[in-house]
Amino acid sequence: MNHGLGRRDFLKLAGLLPIGFVAPPLVKKLGAASLLQGERKNVLVILFDSFSASNISLHGYGRKTTPNLDKLARRATVYFNHYAGGNYTTPGTASLLTMTHPWSHRAFRFAAEVVESYMDKNVFRAFEDYHRIGYTHNPLANILLSQFQRNIDEHVPMEKLFISDDGLIRDLFAKDEDIATVSWSREMKRSEYGYSYSLFLSRLYEKYKERKLASYKERYPNGLPNTNGGNYYALEEGIDWLMDEITEFPQPFFAYVHYHPPHFPYKPRIEFNNIFVNDLWKPLNKPDDLFTEENSYETLAKARAYYDESILNVDSEFGRLFDRLESSGILENTWVVLTSDHGEMQERGISGHVTPTLYQPIVRVPLMIFEPGQLTGREVHTPTSAVDLMTTLLHVTGHDIPAWSEGSILPPYAPPSDSEVFTVQARRNNVELPLTEATIMQVSGKYKLIYYLGYEQIGGAGERWQLFDIEADPEELNDISTTKKDTASELLEKLKFKLKEVNKPFQGG
Ligand SMILES: [Zn+2]
């Protein structure tokens with residue numbers, strides 16, 4: 001395996017050098033490439049979808065879900081109070097990539113794009129002097145990557161890492177790929193739901209497919225993970241793909257790779273199956289929320305165990321990727337980041353993340369930044385936001401921070417910011433109107449305010465709020481909005497001021 005720089009890459013790199021610079025005839029090692037680049041280090045952002053910080057042992061969870069991250073934390077800056085911009089893929093990913101809150105980019109409805117005025121306000125544009133690569137397993141995130149495509153040098157097609165995307169299928173159904181893909185996914189579903197549509201499949205294809213499926217059945221006895229619509233994938237293949245490709249990316253690169261696990265359906269590989277489902281650890285039994293979906297404690301505990309097993313799978317694959325980044329020398333000249341677009345919740349009667357509530361398991365996500373060559377660990381406990389991440393990566397690679405960014409530079413690269421951290425849920429709100437049905441979370445120091453506006457459950461035009469001291473009560477068991485009235489009204493006033501400000505451009509729209 002050649003871990004050096006390809007000729008094409010070298011030429012691209014050399015093109016960036018001042019005239020008169022005499023390049024060595026061969027550059028074999030990435031160390032040399034790094035020298036040529038000066039401070040222009042690569043950036044690799046790895047996102048695992050729906051990865052809650054509440055369920056990882058690195059942050060004190062009761063199950064050992066992240067043995068690899070626990071170990072790698074000694075070489076990373078770990079953010080213990082890092083918050084997503086939204087509560088599901090569309091707003092969460094859009095906030096990450098645009099460095100703005102959902103009330104600005106307006107991608108808060110299901111499968112939305114950002115508004116037109118934000119199309120070019122994205123991190124890919126800001127890294128325009130880098131080779132920019134974007135990939136996601138998640139169709140909702142892919143809508144955004146497609147929207148930002150003109151600022152991405154290589155937008156890798158989502159299907160690239162789906163099992164249904166296979167050369168043979170394309171050869172067999174060259175003129176009708178849709179049929180091939182649909183048939184494939186329906187055939188896969190047959191085993192799960194007991195129906196089949198195989199009218200279009202040739203016998204050759206059937207044979208081939210049976211063999212291929214059989215090989216996955218051993219690795220995935222409970223079925224393959226998929227992105228709901230039948231896009232089946234195996235995480236290890238996605239990691240293998242990146243490990244193979246990354247040494248060939250023209251440098252310096254900015255790569256955003258967004259994997260679907262540990263997102264539902266929780267279908268970990270065989271070695272992670274049933275690790276937690278029958279263990280003795282019991283999750284806290286929290287009272288049902290006003291927005292309960294009426295799942296029982298037992299149902300939620302079981303879903304949580306499968307989710308935790310998916311996290312264990314993710315942790316193992318990230319560990320494998322990290323080892324490879326290290327042995328190939330990439331780590332020496334690359335900022336590597338692990339994060340998520342939002343979390344996941346299995347408590348208070350609620351399962352998943354599409355809910356008006358914004359409790360910690362849904363909004364608090366992992367963030368680990370591995371500086372090039374970093375060998376000691378650092379911990380950051382101040383509250384930080386998804387809109388800060390790309391802002392910081394631009395800063396540390398010597399780029400200007402675009403004026404539209406709503407993020408701050410993260411500590412330790414700047415002193416901690418004292419601005420509030422926000423997460424916004426506005427899934428049913430009109431994009432062109434002020435927020436009238438929404439949930440807004442505001443974290444100020446140790447206090448967290450959750451403000452609900454306009455939901456039927458609170459009387460339509462009504463409002464409701466909760467206040468938690470997340471330092472003393474990280475599980476959010478005591479709503480102190482009535483016992484700490486002064487704090488609550490002070491924070492509420494701030495939040496409403498902000499809301500008024502962000503709603504202003506949409507007034508009378
Ligand atoms: Zn997501």
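Predicted model: local features only at pLDDT ≥ 70, side-chain atom pairs only at ≥ 80, totals over all residues.
A salt bridge is counted here where a side-chain nitrogen of Lys or Arg lies within 4 Å of a carboxyl oxygen of Asp or Glu. Because D279 lies in the loop between strand 6 (253-259) and helix 12 (297-327), and R63 in the loop between strand 1 and helix 3, the pair ties together parts that are 216 residues apart in sequence. Of these two partners, D279 is partly exposed, with a relative accessible area of 22%, whereas R63, at 5% relative accessibility, counts as buried.

By the same rule the count comes to 27 salt bridges, and D129 with R40 is one of them, their side chains meeting at 2.9 Å, N to O. D129 belongs to the loop between helix 6 (123-126) and strand 4 (131-136) and R40 to the loop between helix 2 (30-37) and strand 1, so this pair ties together parts that are 89 residues apart in sequence. Here D129 is partly exposed, at a relative accessible area of 34%, and R40 is also partly exposed, at 24%.

A further salt bridge joins D153 to R132, with the closest N and O atoms 3.0 Å apart. This pair links D153, in the loop between helix 7 and strand 5 (154-155), with R132 in strand 4, 21 residues apart. D153 counts as partly exposed at 39% relative accessibility, while R132 counts as buried at 8%. Elsewhere, salt bridges link R219, E236, E237, D240, R269, E271, E317 and R320 in a network.

The metal site brings other residues together. The zinc ion is coordinated by D49, which is listed with two OD donors, by T89 through OG1, by D341 through OD and by H342 through NE2, at 2.0 to 2.8 Å. Along the sequence, these donor residues follow the spacing D-x39-T-x251-D-H. D49, in the loop between strand 1 (42-48) and helix 3 (67-72), and H342, in the loop between strand 7 (334-339) and strand 8 (345-347), are 293 residues apart, and the pair links distant parts of the chain. D49 counts as buried at 0% relative accessibility, and H342 likewise counts as buried at 0%.

T89 also takes part in a helix contact, in which T89, T90, T93, A94 and L97 of helix 4 meet L140, A141, L144 and L145 of helix 7. The residues of this contact divide into 6 nonpolar, 3 polar and no charged. The axes of helix 4 (residues 89-98) and helix 7 (residues 139-147) come within 9 Å and cross at roughly 35°, and the crossing is right-handed.

Technical notes: Residues numbered from 1 in each chain as written. Heavy atoms only, no water. Donors = N, O, S within 2.8 Å, 3.2 Å for Na, K, Ca; no water. Helix = DSSP H or I, 4+ residues; strand = E, 2+ residues; numbered from the N terminus. Buried < 20%, exposed > 50% of the residue type's maximum accessible area, 1.4 Å probe, protein only. Axes fitted to C-alpha atoms, helices over the stretch in contact; angles between N-to-C directions. Left-handed = near helix turned anticlockwise from the far one by under 90°. Contact = heavy atoms within 4.5 Å. Nonpolar A, V, L, I, M, F, W, Y, C, P; charged D, E, K, R; others polar.
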